Structure formats: C-alpha cells, structure tokens
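Here's a quick briefing for anyone opening this structure for the first time. Have a look at the sequence and the model, then come back for the notes below.

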Amino acid sequence: MLAAILSDTVILRSPTTTGVDHEMARWLAKLCGEKIASFGEAMFAAGSSLRELSDDEILARDRKEFSDGDIRFAISQVEVLGFKEVQSRLDDLMAALGRYTAGSLDFACLIATDITAESSLLLYQGDERVHDAITYPRVDGGAFEMKDVLSRKKQVLPYFRDLIRRV
C-alpha cells in the first residue's frame, strides 16, 4: 500500500498529492519500518530502467488518449532517475511517437519525468501548430524541458488543452 501511494504521488511530490496521502504514507512507513524517501527512491530505481523495453513499450506503458474539440492526442508518461537513458534513445522514441500520429491522432507526447530532479522532458510529434506554440525551452534533440512538471493530469493535460484552444 505504501508503494502504491508513493508511486501515484511521485514520492509525495506531485501536485495531485493530498493530505490523506501524506498521513497514510507516514502511518504505513512506520508500520513497515521504512523511511518514505529512501523506500520511494529504491522503488522507483527498481522500476525506472528503460533498457529492457522497446520504444513502443515505453510509449504504451502509461499512455492515455484525449480529445479536445476535433483534436485527438495521446500523452505517455514514464518515471526515470535522470534523463540519460531517454536522451540516449531520443531519436528512436521520437520516431515511435511519429508512428502513433500516423493513425487517428493529431499529436503524441512522451513525458519523461525525473523524480529526483522534479522535472520532465517533453518529446512531441505531430501537429506543427501545437508544436510551434509550446513555450517550454527546447533542449538537444528537439525535446522540451519542463521544470517543476510532474503531473500529466494537473499540469501537462491542462497545458496542452490551453495550447489547442489558442492555435
């Protein structure tokens, strides 16, 4: 149960974290004799390696599809410890995103969230109008740096819905 709470709240750092999450995590950590921070980091370290996954598996692992008006899009998210693995596969991941948009999607994104830096990399393929409206700083390989962004639901989705309405 502690692992579920820490996973869902990115070790209690996500803007989706509630007071109940904090309270239950403290209670469960005490019950099992764990420290929240070290247990959460060990848990994410065990599950964050992308080496064993194909590019398509990375994108499919936690992907949600949305629509806003007549625009259909997908946002995948993966939690990592550092961006090294994502950056080493950037071209292949961008190509995989491009394959997703070849079907019925106007654009697709991968949000790689570094839980230790509390920051994300945004990989984007699709509608050029939306792409050109992205205001986050561009980094090597065409990705965007999203400092202090952890939550797809509370931060990334509203950001893209706003961009769609403006373009």
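R99 has a relative accessible area of 47%, so it counts as partly exposed. Keep in mind that this is a predicted model. R99 teams up with D56: their side chains meet in a salt bridge, at 3.2 Å from N to O.

**Salt bridges**

- Searching the whole structure turns up eleven salt bridges.
- R99 sits in helix α6 (residues 90–101) and D56 in helix α4 (residues 55–61), so their bridge ties together parts that are 43 residues apart in sequence.
- How accessible is D56, the partner of R99? D56 comes out as partly exposed, because its relative accessible area is 35%.
- Another bridge brings the side chains of D127 and R129 together, with 2.7 Å from N to O.
- K147 is exposed, at a relative accessible area of 56%, whereas E145 is partly exposed at 25%.
- Some bridges share partners, and in that way D62, K64 and R152 are joined into one network.
- As a bit of background, side chains of opposite charge can pair when their charged atoms come close.

**Aromatic rings**

- How many aromatic pairs are there? The count comes to seven aromatic pairs.
- One of them is F73 with F107, a stacked pair: the centres are 4.7 Å apart and the planes are 10° from each other.
- F73 belongs to strand β2 (residues 71–80) and F107 to strand β3 (residues 107–114), so this pair ties together parts that are 34 residues apart in sequence.
- Y136 and Y159 give a tilted pair, because their ring centres are 4.9 Å apart with the planes at 55°.
- That pair links distant parts of the chain, 23 residues apart: Y136 is in the loop between α7 (128–133) and β5 (144–147), and Y159 is in helix α8 (residues 152–166).
- Y136 is partly exposed, with a relative accessible area of 22%, but Y159 is buried, with 13%.
- Step back and you'll find a cluster: ring pairs link F66, F73, F107, Y124, Y136, Y159 and F160.
- There's also a charge over a ring, with R63 lying over the face of Y100 at 4.5 Å from the ring centre.

- Which way do β1 and β2 pair? Strand β1 (residues 63–68) pairs with β2 in the antiparallel sense, over six bridges.
- Within this pairing, D68 stands opposite I71 of β2.
- The hairpin has two residues between its strands, and G69 takes a positive phi near 65° there.

- Where is G82? G82 is found in the loop between β2 and α5 (84–88).
- G82 is partly exposed, with a relative accessible area of 23%.
- Setting aside neighbours within four places in sequence, G82 is in contact with D114 and T116.
- G82 and A112 are 30 residues apart along the chain, and their C-alpha atoms are separated by 9.3 Å.
- T101 lies in helix α6, the helix that also holds R99.
- T101 is buried, since its relative accessible area is 19% and the cut-off for buried is under 20%.
- Which residues does T101 touch, not counting those up to four places away in sequence? T101 touches D106, F107, A108, Q125 and G126.
- One of those contacts, F107, is the ring that stacks with F73.

Conventions: Residues numbered from 1 in each chain as written. Predicted model: local features only at pLDDT ≥ 70, side-chain atom pairs only at ≥ 80, totals over all residues. Heavy atoms only, no water. Phe/Tyr/Trp six-rings, centres within 6.5 Å; stacked < 30°, edge-to-face > 60°. Helix = DSSP H or I, 4+ residues; strand = E, 2+ residues; numbered from the N terminus. Buried < 20%, exposed > 50% of the residue type's maximum accessible area, 1.4 Å probe, protein only. Lys NZ or Arg CZ within 6 Å of the ring centre and 35° of its normal. Contact = heavy atoms within 4.5 Å. Salt bridge = Lys/Arg side-chain N within 4 Å of Asp/Glu carboxyl O. Pairing = 2+ DSSP bridges.
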